[in-house]
Amino acid sequence: MKPKILIIGGGYGGLRTAITLQNATCLNADITLISKHDYHYQTTLLHKVAIGTLSARKARIYFRKILDLSKVRFIKDKIHTFEPEHNRVKGNGGVYEYDYLVIALGFKPDDFGIKGVDKYAYKISSLNAALKLDKNIEYKFKEYCHTKNANDLSIIVCGTGFTGIEFAAELGSRLDELCLISGIPRDVPKVTCIGRSDRILPMFSKKASAKAQKKLEAFGVKVICNGDVQECRKDGVVIKHNGKLAFIEGNTILWSAGVRGNDKLEESSLHTTKGRIKVDEYLRCPQYKNIYVVGDCALYASRDAIHAPTAQLAAQMGDYVAKSLIKILHNKPQKQIFRFKHRGTVCSIGHTDGVGIIYKKGISGEFAAFLKNFIENKWLFGIGGAKLVFKNGQFRYRTSN
C-alpha cells in the first residue's frame, strides 16, 4: 500500500509542502491536502483587501486550478479532532488516516485577554475577515452624508507591527480618493495607530522605523507609541499612555497586536504553547515523529526563525518538510536539519512606497515597493507559473481599484 501523507492547511506552509511533493519524480505516495477553504490567499496582502485596493477575485487562488489533482487529492473540510495515537484526524466530512501528517493550520489573532477585543474589534485573520472590514469602511464613508457622525470615519489600529502599519498606510494613501468619491472634507477622517513599543516596526532599525513613521504621518495617520490598550469599546479604545488613562474615539477598530496558533491543537493531546507545537530540528513533533509542523503552528527553537516574516518562514518550512518526506519514502536518511535563510523583509507604506531590509541592507522608497511586489509575484510563480503572475500579480501601476 502507498504511504499516506496528509497535509492540513492550505496556507504558505501547507501549499508549499504539497507543491514540492507533487513536483517530485517517482514518488509512490498517496498525498492529500485538506483546507477549510477551496482557495489559497496571500495573507501578506490582506491589508489591501481590507481597504479595497485588491479585489476578492484576484485574492483567491483556487487549489484545484494550481494542484496536479492526479498527484495530490484536495478535500475541502474543517478538522476539529486530532488522534495522533491512532494516526488519524477527524473533520466535518469524516475521518482521515495518515502515515505522515503535516500540520499547517496557520494562526488566529491573540487578544491577550483584553476586554472588548473579541466583541468590538475587526481582525485581518482571513480573506473573509478582510472583506468584512472593507465593507464596513466603505459603508461608513458612503453613509456619512446622512449620519454626519465624525466617529464613523475615525479608524483606530491597535498594533504597530507589519499588519497594522501596512493597513494604516494603505488606508491613509486612499483617503483622498475616498473623500472625493463620498464628498467629504479631507480633514474629517482620522486614522490612529497605537502600539506598545517605543517605535513602530520594532523589528527594523531605529532609522528605518523613524522613516516609516514619517511616511505614515505624511498620509495624516496619527501614531501613538508606548500606548497600552486597556479596553476596546464600541466607540473607541481606552489606553494607558505615559502613566495616564486616555480614551481614543473611533467606531472602527482593527486589532493587529499579535497572533497565536490553532485552538484545535490546544484541545488535542499534543503538547502546545498558545496553540503552537514546539518542534525539533527536523520540524517534527517530539511526541510523534511522523507528525511535522510548519508555519504559525510551529514553535521553532532558532531565535532568527521566531522573529522571521511569517510567509517566508512558513514557505521554507513547507519546502523542507516535503524534501524530508521524499527522502524518507526513497529510503534515504534526512541528515540535514532545518535552517531558516533570512533573505530579508519589506513593509509596504502604500502601493508605491515602503521600508525594509534585504540581506542585512536597509532599503526604502519605490525600490522597497518594487521588491515587495517582486516577493509576492515570486510566490505566485512558484505555485502557478507565469500565467498566475500575470493574472494575480502585483505591479507598479496596477491595483484593483
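Student: What makes α1 stand out in the lining of the second largest pocket?

Tutor: α1 gives the largest share of that lining, 3 residues. α1 spans 12-22; a helix here is a DSSP run of H or I, at least four residues, numbered from the N terminus. The model is predicted: local features need pLDDT of at least 70, side-chain atom pairs 80 or more, while totals for chains, interfaces and linings use all residues. Residues are numbered from 1 along each chain, and side-chain values use heavy atoms, without hydrogens and water.

Student: Which residues lie closest to the centre of the second largest pocket?

Tutor: K36, L105, G106, F107 and N262, of 44 lining residues. Lining means an atom within 4 Å of a pocket point; a pocket is an open set of points on a 1 Å grid where a 1.4 Å probe fits, with protein on both sides within 12 Å along at least five of seven lines.

Student: Why is the second largest pocket said to lie between domains?

Tutor: Domain 1 (4-109 + 260-342) and domain 2 (117-257) both give lining residues, so the pocket lies between them. The domain bounds come from an automatic or database assignment.

Student: Why is α1 called oblique to α12?

Tutor: Their angle is about 40 degrees, with axes 10 Å apart. Under 35 counts as roughly parallel, over 145 as roughly antiparallel, 65 to 115 as roughly perpendicular, and the rest as oblique. So α1 is oblique to α12.

Student: Which residues make the contact between α1 and α12?

Tutor: Y12, L15, R16 and I19 of α1 meet E376, W379, G382 and I383 of α12. Contact means heavy atoms within 4.5 Å.

Terms used:
Helices (H or I, at least four residues) and strands (E, at least two) are DSSP runs, numbered from the N terminus. Axes are lines fitted to C-alpha atoms, for helices over the stretch in contact, and angles run from 0 to 180 degrees between N-to-C directions.
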